[in-house]
Amino acid sequence: MARARPTVRAVAAEVSAGLRIAWSGLRTWSRSPRLMLVGLVPGAITATVFAIGAVVLVANLGPWSGSLAGALVSSDGWLADAVQVVAALAMLGAAALIGVYTFTAVTLIIGQPFFERLSREVDVRGGFDGADPVEGAWRSLMRGLGEAARIALLTIPLALGLFLIGLIPVVGGVVAFCLGAGFGGWFLALELTAYPLARRGVVPLRGRRAVLAAHRPRVVGFGAACFLLFLVPLGAVAFMPAAVAGATHLVATLGPDRELTEPPRRARPPSEH
């Protein structure tokens with residue numbers, strides 16, 4: 001029997017639940033302030049490197065957007081100025097999608113011991129004391145790097161598509177921003193839930209994607225809230241520990257832990273001889 005499609009009200013309720021879960025992550029500051037403060041260190045290290053890229057982008061935003069406006073509009077005047085502004089906003093939006101995800105992935109890798117400990121404590125306080133995965137540290141690092149690179153490669157064509165949408169007059173910027181928050185939130189959720197899902201037996205990216213896809217509106221609501229908070233100046237550093245705590249809360253709400261297992265691979269049909 002085909003599953004009934006959720007109503008608009010049900011989807012809205014799930015998105016709202018995701019937003020509340022993001023807020024619950026922020027509330028972790030009052031429960032584990034010392035551990036959360038330690039979680040700021042990896043983000044501060046990553047932010048120092050990413051700040052250089054942001055400075056380069058801002059410094060060249062005018063010339064780059066001006067060149068694009070000159071290619072699209074042959075004459076000077078208000079139209080060329082308007083196109084340049086739209087192009088600059090579209091560039092910033094595309095850069096935000098790539099930058100927020102890569103910042104998150106790199107920070108989680110640098111601060112793996114801190115964030116794993118934070119996520120474990122949040123789980124224990126919620127009544128779940130699952131065992132840490134038996135995967136070795138080196139293998140876990142290599143797998144994490146590979147999965148982060150795979151998702152990062154997906155953000156590049158998506159950012160290009162959002163850039164082109166952003167060039168559409170009047171509505172393009174708003175549509176591109178909303179889509180960027182939604183897709184960016186989904187990518188963030190895939191990264192941020194790695195620790196709590198690993199303790200529930202879901203380790204590879206394929207398994208995380210399958211588990212989260214069954215609750216997509218809630219996951220996107222949570223991830224979009226984190227994405228928007230990360231766009232605030234220094235927000236990515238300040239909210240990173242809260243995002244990890246919130247992702248742990250998110251996983252705890254997805255269903256009984258026995259159901260959060262990686263789906264088995266589909267068996268191949270026997271070959272005919």
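Of the 55 residues in the largest nonpolar core, Leu 192, Leu 212 and Phe 222 touch the most other members. A nonpolar core is here a set of buried Ala, Val, Leu, Ile, Met, Phe, Trp, Tyr and Cys residues joined through side-chain atoms within 4.5 Å; buried means under 20% relative accessible area, exposed over 50%, and partly exposed in between, with a 1.4 Å probe and protein chains only. Leaving aside residues up to four places away in sequence, Phe 222 touches Gly 18, Leu 19, Ile 21, Ala 22, Leu 192, Ala 243, Gly 246, Ala 247 and Leu 250, a contact being heavy atoms within 4.5 Å.

The model is predicted: local features need pLDDT of at least 70, side-chain atom pairs count only at pLDDT 80 or more, and totals for chains, interfaces and linings use all residues. Residues are numbered from 1 along each chain as its sequence is written, and side-chain values use heavy atoms, with hydrogens and water left out.

The chain contains 12 helices and zero strands, where helices (H or I, at least four residues) and strands (E, at least two) are DSSP runs numbered from the N terminus. Of its 273 residues, 40% are buried. Among contacts between residues at least 6 apart in sequence, 80% join residues at least 24 apart.

Charged pairs also join separate parts of this chain. There are five salt bridges, each defined as a side-chain nitrogen of Lys or Arg within 4 Å of a carboxyl oxygen of Asp or Glu. In one of them, Arg 218 pairs with Glu 14, with the closest N and O atoms 3.0 Å apart. Because Arg 218 lies in helix 11 (residues 216-231) and Glu 14 in helix 1 (residues 8-26), this pair ties together parts that are 204 residues apart in sequence. Arg 218 is buried, with a relative accessible area of 14%, whereas Glu 14 is partly exposed at 24%.

A salt bridge also joins Arg 199 and Asp 123 (2.8 Å, N to O). Arg 199 sits in the loop between helix 9 (194-198) and helix 10 (205-213), and Asp 123 in helix 6 (residues 112-125), 76 residues apart. Both Arg 199 and Asp 123 are buried, and together with Arg 200 they are linked in a network of salt bridges.

The cysteines remain to be considered. The structure holds zero disulfides, a disulfide being a pair of cysteine sulfur atoms within 2.5 Å. Cys 178 is partly exposed at 48% relative accessibility, while Cys 226 is buried at 4%.
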